[in-house]
Amino acid sequence: MSAKQNILAKLRKSLVGTTPLADNFDEALVTEPWSYPPEQRIAQLRKQMEAVHTEIHLSTGDAWPALLARLLHERQLPSLLVSPATPHGKQLAAHWDANAGLPTLKAYDRPVEEWKAELFNDTPASLTGTLGAIASTGSLIVWPTPQEPRLMSLVPPVHFALLKASEVHNNFYEVQQKFAWAAGMPTNALLISGPSKTADIEQVLAYGAHGPKDLVLLILEDQ
Amino acid sequence: MSSPALIPTVAVEEDFRARAHTALGDKQLRNNFRSAMDSLMTKRAVAFSDAHEREHLRALGNAIRARALSKLPDLLERLEQNLTRNGVKVHWAETVDEANGIVLSIIRAHEARQVIKGKSMVSEEMEMNHVLAEQGIECLESDMGEFIVQLDHEKPSHIIMPAIHKNAGQVASLFHDKLGVEYTKDVDQLIQIGRRVLREKFFEADVGVSGVNFAVAETGTLLLVENEGNGRMSTTVPPVHIAVTGIEKVVEHMRDVVPLLSLLTRSALGQPITTYVNMISGPRKPEELDGPQEVHLVLLDNGRSQAFADSELRQTLNCIRCGACMNHCPVYTRIGGHAYGEVYPGPIGKIITPHMVGLANVPDHPSASSLCGACGEVCPVKIPIPAILRRLREENVKAPDSPNQVMRGQGSKYSRKERLIWNFWARLNTSPTLYRLFGFFATRLRQLVPSNVGPWTQNHSAPKPAARSLHELAREHLAKQDRH
């Protein structure tokens with residue numbers, strides 16, 4: 001008998017004569033305490049994300065590329081990793097074309113193996129979109145894609161993220177229902193709730209453990 | 001920078017009592033634990049400020065875990081089917097040796113030399129670092145706390161905060177000695193040193209190993225929570241990802257994760273959520289540019305099916321590994337995690353370890369509790385830890401020939417003498433004549449109680465009976481009243 005057969009046989013023997021427990025999941029318990037009027041959702045999101053050192057800027061669908069250019073300049077970041085294939089990547093590229101002297105835009109356009117050293121050692125910042133956010137916990141929903149791969153939101157020390165104000169949801173349960181997560185998940189889905197942190201030494205909170213040291217969120221209020 | 005030595009060797013020479021005694025005398029250790037546990041208790045209390053909400057959520061958490069266990073074999077098969085469909089290879093192991101064999105064979109198939117590990121208590125059960133090191137494979141911990149204890153050849157003293165027994169000064173000396181960096185007690189700088197060393201390792205590693213917080217049967221998803229980003233690094237950068245987990249970690253639906261996640265992060269650290277919730281449902285697809293080419297899941301039994309066989313002990317498997325029971329335990333707070341001498345310390349350790357190593361190997365664990373009930377009160381999935389501890393005390397002294405043997409190594413504290421004394425005591429208390437006779441002689445001969453009554457008189461004065469029993473006094477009192 002294989003290990004699988006042995007384990008399953010033991011478990012099944014222990015359940016002889018029992019019936020599976022009914023599913024009485026009460027969704028009110030995970031939604032009612034965590035629901036907000038639409039006009040308060042952004043405030044709730046900000047409160048939670050700023051409590052864990054996320055830098056948040058309010059902007060608009062037209063103005064954000066200029067804001068991002070200013071933030072990159074202030075931080076003296078020499079380059080930005082951004083996908084040229086996404087709508088926001090195209091918008092950013094257009095702004096860059098119209099304005100000289102801005103930091104270099106780099107694309108994640110080949111498998112990581114072909115440029116791992118550059119990604120790790122010479123890519124100081126990235127920009128990704130989000131699928132939305134969760135107000136109750138202050139979390140960004142990120143589903144990596146071929147255009148914006150997994151490591152884009154992890155390896156560069158500064159991660160800029162774009163969020164449309166209309167896509168801030170109340171709670172995790174609502175998000176799972178809206179996106180029908182039960183019906184299928186991408187290879188990797190993430191909730192990101194701040195820059196990376198640790199309290200492993202004497203419970204002292206330190207930011208920039210292994211992932212980004214800074215998470216900068218641009219909220220597009222008119223979108 | 002020299003690479004750290006990799007063989008964790010904690011000397012576990014003495015027994016539990018001796019280790020506990022030593023720990024109680026270590027002022028620094030007690031200080032470190034006291035302050036950490038106080039802070040963790042406060043953070044949890046703040047995160048659950050609404051008792052009504054908390055209690056309803058705990059009840060839901062308990063119901064979800066109980067439901068999952070009530071159909072565990074079916075859910076495991078469903079999990080395997082869905083993971084396989086998603087391209088994840090699922091392996092089953094009854095023992096830690098089998099699990100290590102599986103991990104080794106995957107590593108060998110890729111001719112891998114370097115393994116980077118996210119936090120995983122199951123890999124601690126397997127002593128994976130040690131096993132791989134013996135085969136000449138470097139297996140480096142990447143969680144900051146785990147990295148620190150590995151560097152000092154120790155084991156974790158807490159399941160969530162592995163290096164909680166050390167203060168910043170101790171970490172500073174360790175980094176200075178082992179990594180050759182300048183001495184600094186500044187926590188930010190210490191973390192940046194760890195980041196530098198480990199970034200190099202994430203970059204180089206051939207295989208990444210992680211644990212699993214919840215395995216979702218419905219979608220074939222492995223969900224991992226963490227704050228540091230090392231878990232994402234370990235499961236995303238190396239070409240091969242091996243997740244190891246216990247067979248009990250499966251839940252039925254994706255939505256079941258919602259309350260469990262909230263219970264887990266609030267109970268563990270008082271956080272509404274961790275920085276990263278990483279949901280892995282498959283390896284890199286052809287059109288994707290990163291992520292592991294292969295994802296493996298090793299499902300480990302290691303005694304869990306034994307706990308599963310008994311409906312009371314089965315509740316042990318509700319555990320979502322938040323550590324709240326240890327944070328609130330007066331015993332754990334005073335002796336720390338290492339005194340237990342096993343992978344899982346504290347209240348949950350005392351009830352899960354006997355199934356893994358045999359009760360006879362941890363005979364003092366069920367008794368190392370004041371039964372104050374704090375662990376059961378804070379458990380987010382309502383495991384009745386105090387009741388299970390009492391049950392294990394019974395199993396500990398069960399006669400070897402009695403029926404209903406439920407666990408390996410039970411009955412190791414059985415003593416014929418003790419059993420005879422208890423039988424006599426039961427008889428004495430159920431026969432009125434014997435009870436009166438005993439009361440009469442015990443009070444009249446009270447001066448004969450020796451001043452040294454073995455272990456009792458180490459900490460107490462000798463138990464000298466009163467001059468008259470309560471029964472006698474009551475009778476005299478009633479007789480007096482009748483006369484008036």
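**View 1. Salt bridge between B:E252 and B:K71 in the predicted model.** The side chains of B:E252 and B:K71 form a salt bridge with an N to O distance of 3.1 Å; the term denotes a side-chain nitrogen of Lys or Arg within 4 Å of a carboxyl oxygen of Asp or Glu. Distant parts of the chain are linked by this pair, whose members are 181 residues apart. B:E252 lies in the loop between β8 and α12 (257-269) of chain B, and B:K71 in the loop between α3 (51-70) and α4 (72-86) of chain B. Helices (H or I, at least four residues) and strands (E, at least two) are DSSP runs, numbered from the N terminus. Over all chains, the count comes to 42 salt bridges. This is a predicted model, in which local features need pLDDT of at least 70 and side-chain atom pairs count only at pLDDT 80 or more, whereas totals for chains, interfaces and linings use all residues. Residues are numbered from 1 along each chain as its sequence is written, chains are lettered from A and ligands numbered from 1 in the order in which they are written, and side-chain values use heavy atoms, with hydrogens and water left out.

**View 2. Interface of chain B and chain A.** Contact (heavy atoms within 4.5 Å) involves 98 residues of chain B and 74 residues of chain A. The two chains bury about 7400 Å² between them, 61% of it on carbon and sulfur atoms; buried area is the accessible area (1.4 Å probe) that two parts lose on being put together, summed over both. B:F203, B:R232 and B:L289 supply 10% of the area that chain B buries against chain A, more than any other three residues.

View 3. The side chains of B:R255 and A:D23 meet at 2.8 Å, N to O. Nine salt bridges are found across the interface of chain B and chain A. Helix α10 (residues 187-204) of chain B gives the most to the side of chain B that touches chain A, contributing eleven residues.

**View 4. The open sheet that includes strands of chain A and chain B.** Eight strands are ordered β8(A)-β5(A)-β6(A)-β9(A)-β9(B)-β6(B)-β5(B)-β8(B), with mixed pairing; two strands pair if DSSP finds at least two bridges between them. β8 (168-169) of chain A and β8 (250-251) of chain B stand at the edges with a single partner strand each, so one side of each is left without a neighbour in the sheet. Strand β9 (residues 188-192) of chain A runs antiparallel to strand β9 (residues 276-280) of chain B, joined by five bridges. A:A189 stands opposite B:M279 in β9(B). Three bridges connect the antiparallel strands β6 (residues 139-142) of chain A and β9(A), where A:I141 stands opposite A:L191.

**View 5. Aromatic pair A:W143 and A:W181.** The ring centres are 5.8 Å apart and the planes stand at 55°, so the pair is tilted. Rings of Phe, Tyr and Trp (its six-membered ring) pair if their centres lie within 6.5 Å; planes under 30 degrees apart count as stacked, over 60 as edge-to-face and the rest as tilted. A:W143 is in the loop between β6 and β7 (158-164) of chain A, and A:W181 in the loop between α7 (172-178) and β9 of chain A, 38 residues apart.
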